[in-house]
There are 2 protein chains.
Amino acid sequence: MASQQQFMDYVEQHQEDFIDRLRRAVAIPSVSSDPNHRPDVFRMGEFLIDELKALGASVETRDPGKQDFHGQLTLDLPPVVLATVGDDPAKKTILVYGHYDVQPALKEDGWTTDPFVLVEDDKQRLIGRGSSDDKGPVLGWINVVEAHKKLGLEMPVNLKFCLEGMEESGSEGLEAIIEDEADKYFKDVDAVCISDNYWLGTTKPCLTYGLRGVSYFHLTVKGPAADLHSGVFGGTIHEPMTDLFALMSKLVQPDGKILVPGIYDQVRPVTSEEEATYQSIAFDLSDLQSAVGNKTNIHEDAISVLQHRWRFPSLSLHGVEGAFYNPGDKTVVPAQVVGKFSIRTVPDMEPKKITELVVKYVTDEFNKLNSKNTMVIKCSHDGNHWLSSPNHPNYVAAAKAVETVFNVKPDLTREGGSIPVTLCFQDALKKNVLLLPMGRGDDGAHSINEKLDRSNYVQGIKLLGVYLHEVSDVDLENKQ
Amino acid sequence: MASQQQFMDYVEQHQEDFIDRLRRAVAIPSVSSDPNHRPDVFRMGEFLIDELKALGASVETRDPGKQDFHGQLTLDLPPVVLATVGDDPAKKTILVYGHYDVQPALKEDGWTTDPFVLVEDDKQRLIGRGSSDDKGPVLGWINVVEAHKKLGLEMPVNLKFCLEGMEESGSEGLEAIIEDEADKYFKDVDAVCISDNYWLGTTKPCLTYGLRGVSYFHLTVKGPAADLHSGVFGGTIHEPMTDLFALMSKLVQPDGKILVPGIYDQVRPVTSEEEATYQSIAFDLSDLQSAVGNKTNIHEDAISVLQHRWRFPSLSLHGVEGAFYNPGDKTVVPAQVVGKFSIRTVPDMEPKKITELVVKYVTDEFNKLNSKNTMVIKCSHDGNHWLSSPNHPNYVAAAKAVETVFNVKPDLTREGGSIPVTLCFQDALKKNVLLLPMGRGDDGAHSINEKLDRSNYVQGIKLLGVYLHEVSDVDLENKQ
């Protein structure tokens with residue numbers, strides 16, 4: 001406890017140094033989706049390697065190979081940085097994951113300041129691309145190591161890093177490397193901690209123990225051999241758009257109810273124990289309404305909202321490929337259209353079974369249309385849901401760290417979206433994975449004026465460090 | 001009759017000269033939609049002015065003003081060329097319309113030859129952009145004047161030309177000029193002839209006496225203030241796409257039946273007289289199937305196909321603005337989407353009434369959805385249908401000309417699309433308008449390898465000239 005306090009005091013006192021490190025990281029525009037910025041992504045990887053080596057870490061890299069950029073370019077993929085701090089067989093080994101690439105950002109998108117110059121505003125918000133997603137958290141771990149080194153404190157655990165540079169562009173090549181290293185570089189890992197998500201709101205820390213999966217579908221209807229003029233052919237042929245809209249209108253109701261038979265049969269019922277965890281969560285209906293910008297919410301109470309975001313499935317229609325999409329008027333009859341929709345999946349839905357149900361239902365409905373067009377429905381990709389347990393010792397340790405740093409019990413949350421690497425680590429390493437966020441729900445990770453509050457950064461560094469202390473004390477084999 | 005034969009013989013003997021004139025016209029890439037080619041459109045206007053002046057026509061131009069090119073450029077609009085050949089008050093005055101701009105064409109689109117070099121293939125097809133649409137017909141009228149001049153034959157009518165350079169780009173500014181000149185330049189016009197459409201098939205000439213109208217609709221559904229992540233928000237808010245698909249699926253059945261109540265109440269019934277005109281028309285189901293490229297036809301007999309193309313309404317769904325449209329997978333929930341659809345209208349549907357019916361129906365259906373999103377449905381533009389009578393003396397004269405030149409009675413056709421200038425002339429001048437095509441249905445007017453068969457060009461020149469002779473003999477005031 002004395003060493004924890006010493007550590008926390010150090011972080012408090014040296015926060016300007018840590019902010020300076022974040023400033024240097026934000027200045028590197030490591031936008032992974034832009035080929036022009038690919039050298040910057042590599043430069044950001046080098047930056048981290050240098051910082052880690054300076055602190056005595058042993059660093060290796062893995063090459064994910066080449067990227068086929070929309071069939072136009074072949075690009076080198078930035079390295080996966082693997083680093084180790086300490087290899088004491090008497091200590092536990094904790095693996096931390098983060099990413100060093102960022103979303104695109106241009107001043108003209110509406111940023112108030114240069115997105116690649118970290119500035120602090122009068123509300124003590126550190127504004128800059130990547131501040132919260134995910135350079136702040138990645139540097140958080142490095143800062144923890146530095147603080148211990150400077151204080152002459154022993155690290156409570158062996159720490160392994162896995163840092164990638166392609167997270168914002170589909171983590172190309174990462175999964176294969178994780179699987180390949182599972183019994184090599186990651187062999188001694190006892191638990192995993194990922195700091196790459198956000199508090200539910202703006203006031204209370206949380207631990208995140210579940211994510212929805214997603215199954216994405218392409219519904220193709222093919223009619224004439226080429227696009228046709230609706231004046232000449234309208235009324236004489238089966239139009240693919242008519243069939244597509246008939247089918248897609250039968251997938252989900254305006255109130256969100258999914259119409260594919262059997263979908264809800266696989267959804268795990270809400271237990272009273274689970275229900276109880278929602279009571280203390282800092283979330284109001286107004287939080288949803290302010291995020292959405294109006295009152296188009298389906299449910300009228302906060303708990304229903306959270307349950308429909310976290311633990312019930314949803315189906316969204318995303319768009320149509322092959323049809324007219326510009327402003328203005330165009331009277332084309334598209335020859336072939338592809339409707340895109342996705343289902344967010346939850347325990348205990350199985351992706352394979354979901355695809356079977358969707359394919360059968362859409363095929364049956366298409367047959368009812370008596371159309372002479374042809375229809376193909378297929379799942380283009382699926383990622384399974386992920387569910388851990390807040391009772392696992394890894395989570396208990398994190399909860400204790402939250403109480404130490406913030407003097408409050410964390411919210412126990414799940415998320416509606418997916419973070420595929422979470423499930424990948426769990427499946428490959430067979431170890432518990434904890435999501436321990438640093439930033440707030442309003443950080444604007446993928447939008448303009450991304451920020452990380454100074455207090456979230458500073459308290460977040462403390463949290464990550466204290467978590468390592470706490471997790472060194474629990475029995476990680478005692479899986480609850 | 002002797003003068004007609006003399007004229008036809010001249011055309012037959014001088015066809016190479018006429019093809020050479022067409023070659024020189026096709027060589028000017030007067031693509032009105034491409035700002036880089038705008039000077040070529042002006043050049044093409046000058047070419048026609050020079051040709052007309054050389055034949056003794058008096059030529060004036062009207063300036064349609066400036067074009068706002070997608071908010072990016074301001075371009076000068078090419079002139080409307082007005083020309084007069086003869087002003088004998090004892091003769092009738094016939095107004096002919098045509099356009100001197102063309103659709104875009106690039107060799108790399110798949111043209112076998114340079115699109116702006118007229119070539120004749122081994123099937124005696126004159127291949128080049130604009131050959132059929134509409135430089136061939138425009139030069140057809142000029143060739144008629146030349147033939148008479150060279151033969152020392154008096155023109156049977158006073159001829160007025162109205163030639164525009166923006167037809168392929170919405171005829172910007174033309175309507176105002178026609179309305180303005182109705183009681184000035186066009187004051188003495190007795191009838192109008194437009195040669196800017198096609199035979200129904202490839203073997204038999206036709207006269208076209210009707211066009212469908214079109215009413216275009218934008219159906220806007222607005223939900224959240226900004227696009228949202230379907231993982232985070234799916235299942236908790238009313239999604240605009242769900243509402244849009246529900247509404248658009250209620251507009252038309254896969255078999256083409258329009259579901260808007262009241263739409264069919266305004267459709268004029270098929271009379272037995274009208275039914276009879278279909279019997280002799282050269283059109284088979286296989287013509288539709290080969291145009292479409294497969295057998296996705298709704299109706300199984302040729303007459304039903306023609307009636308549904310020409311004289312029954314149709315409704316086509318064109319696309320969605322604001323939703324995902326690229327290849328690949330994207331999990332966005334669009335904040336606002338605009339569904340685009342149009343209704344092809346026929347006698348006696350009134351555009352205003354159609355809009356009323358659509359607005360009421362879509363609004364009622366939206367209210368049934370119990371969505372918290374907002375919906376706006378509006379007509380973005382409408383153009384009325386047009387229907388003349390094949391019994392009008394203008395048509396009787398043209399039919400006689402067809403029999404003289406082709407030795408066959410023309411098919412009496414309508415078209416499913418719109419040619420807005422037709423209705424504009426009829427409304428502004430209160431005179432009969434005749435559509436008298438030169439090219440065949442397979443000329444590929446807006447696609448690659450556009451052609452005009454040598455025989456269609458040569459016989460077409462004869463047809464236009466003989467029509468002027470025949471129309472000089474009929475009583476145009478005797479409207480049937």
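Guide: B:Val320 stands opposite B:Gly339 in β15(B). This is a predicted model, in which local features need pLDDT of at least 70 and side-chain atom pairs count only at pLDDT 80 or more, while totals for chains, interfaces and linings use all residues. Residues are numbered from 1 along each chain as its sequence is written, chains are lettered from A and ligands numbered from 1 in the order in which they are written, and side-chain values use heavy atoms, with hydrogens and water left out.

Strand β15 of chain B covers residues 336–345 and pairs with β13(B) in the antiparallel sense over seven bridges. Two strands pair if DSSP finds at least two bridges between them; strands are DSSP runs of E with at least two residues, and helices are runs of H or I with at least four, each numbered from the N terminus.

Both strands belong to an open sheet of four strands in chain B, ordered β13-β15-β11-β16 with antiparallel pairing. At its edges stand β13 (314–321) and β16 (374–383), each with a single partner strand, so one side of each has no neighbour in the sheet. Direction ignored, neighbouring strands of this sheet are turned by 20 degrees against each other on average.

Helix α11 of chain B (residues 351–369) lies across β11 (213–222), β15 and β16 of that chain, contact meaning heavy atoms within 4.5 Å. The helix runs at about 165 degrees to β16(B); angles run from 0 to 180 degrees between N-to-C directions, and axes are lines fitted to C-alpha atoms, for helices over the stretch in contact.
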